[in-house]
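Q: Please take a close look at one part of this protein, the nonpolar core and the strands and charged pairs that go with it. I would like one connected account.

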Amino acid sequence: MGLRDLLGRSKGPDGAEQLQALAQVDPRFSPEALRRRLRDIFFAVQQSWSLRDPDLAERFVTTAFLELQRARISGLLAAHQLHELSSPLIEDLRFTGFEANPGIEPDPVLGPIPRDRASLPRVETVLTIRMVERLLDDRSGAVLFESAGEQRRDEQWSLVHDGQSWRLAAVSAPGQRSIRAPLVSDEVAKLTPEAVLRERYARGEIELDEVEREMAESLRRGPVY
């Protein structure tokens, strides 16, 4: 069964039911096991970001995702910013697509498949999450931004199976381009030129070496990663 058979037509329980049927022949697609793994990934990634330690998420994400996480966290450190995500919670989790036996041809619905996911089984999900965001100056403790209470939003999380476990390969807003990185609120993304550069790279608008050059110029020193 391909991704096109589920996306756009089956949501919530229907997606889980189709995965459950597939799990009878391929246990990796067990909905319950996937839910547990997603929750583990979710909290590892949020903790990694809040503590500015990419290694905390290493066992839960792809190599490409981890590379980007390292670059973005180095940006927080260079800017002396601490982005706290308090009380993160998955309010709802829906399976929206999967590919059990992918090839390398573009998917008719999603278009070209990113190279790091082209030949791996994958599952697409939508998470409704809630959390409180605060951006602090790590030198003075000054609050640069604080969300007005809990923020609620949907995020699409794409998992791939590397032969041993499911790993997070991409995060995006539903219906938008995949960016292979945890989303941050628009308010946080706009606070500094550095954050804007990181988000532009995350969205695939510029390459890593361009980020490095612009960062070196803006900080008037060498690359930070």
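The core and its surrounding strands

A: Leaving out residues up to four places away in sequence, Leu-127 is in contact (heavy atoms within 4.5 Å) with Leu-38, Phe-42, Ile-90, Asp-92, Leu-93, Arg-153, Asp-154, Glu-155 and Trp-157. The model is a predicted one, in which local features need pLDDT of at least 70 and side-chain atom pairs count only at pLDDT 80 or more, while totals for chains, interfaces and linings use all residues. Residues are numbered from 1 along each chain as its sequence is written, and side-chain values use heavy atoms, with hydrogens and water left out.

Leu-127 also belongs to the largest nonpolar core, which has 33 residues, and is listed with Phe-29, Val-61, Phe-95, Trp-157 and Leu-168 as touching the most other members. Such a core is a set of buried Ala, Val, Leu, Ile, Met, Phe, Trp, Tyr and Cys residues joined through side-chain atoms within 4.5 Å; buried means under 20% relative accessible area, exposed over 50%, and partly exposed in between (1.4 Å probe, protein chains only). The elements giving two or more residues to this core are α1 (13-23), α2 (31-51), α3 (63-78), β1 (81-99), β2 (122-137), β4 and β5, helices (H or I, at least four residues) and strands (E, at least two) being DSSP runs numbered from the N terminus. Its largest share, seven residues, comes from α2.

Strand β4 (residues 151-161) pairs with β5 in the antiparallel sense over six bridges, where pairing requires that DSSP finds at least two bridges between two strands. Within this pair, Leu-159 stands opposite Leu-168 of β5. The two strands form a hairpin with four residues between them, and Gly-163 in the turn has a positive phi of about 100 degrees. Strand β5 (residues 166-172) is mostly covered, since seven of its seven residues are buried.

Charged pairs complete the picture. Arg-167 and Asp-162 meet in a salt bridge at 2.7 Å, N to O, the term meaning a side-chain nitrogen of Lys or Arg within 4 Å of a carboxyl oxygen of Asp or Glu. Of these two partners, Arg-167 counts as buried at 18% relative accessibility, whereas Asp-162 is partly exposed at 34%. Salt bridges that share partners also join Glu-91, Arg-130, Glu-150 and Arg-152 into one network.
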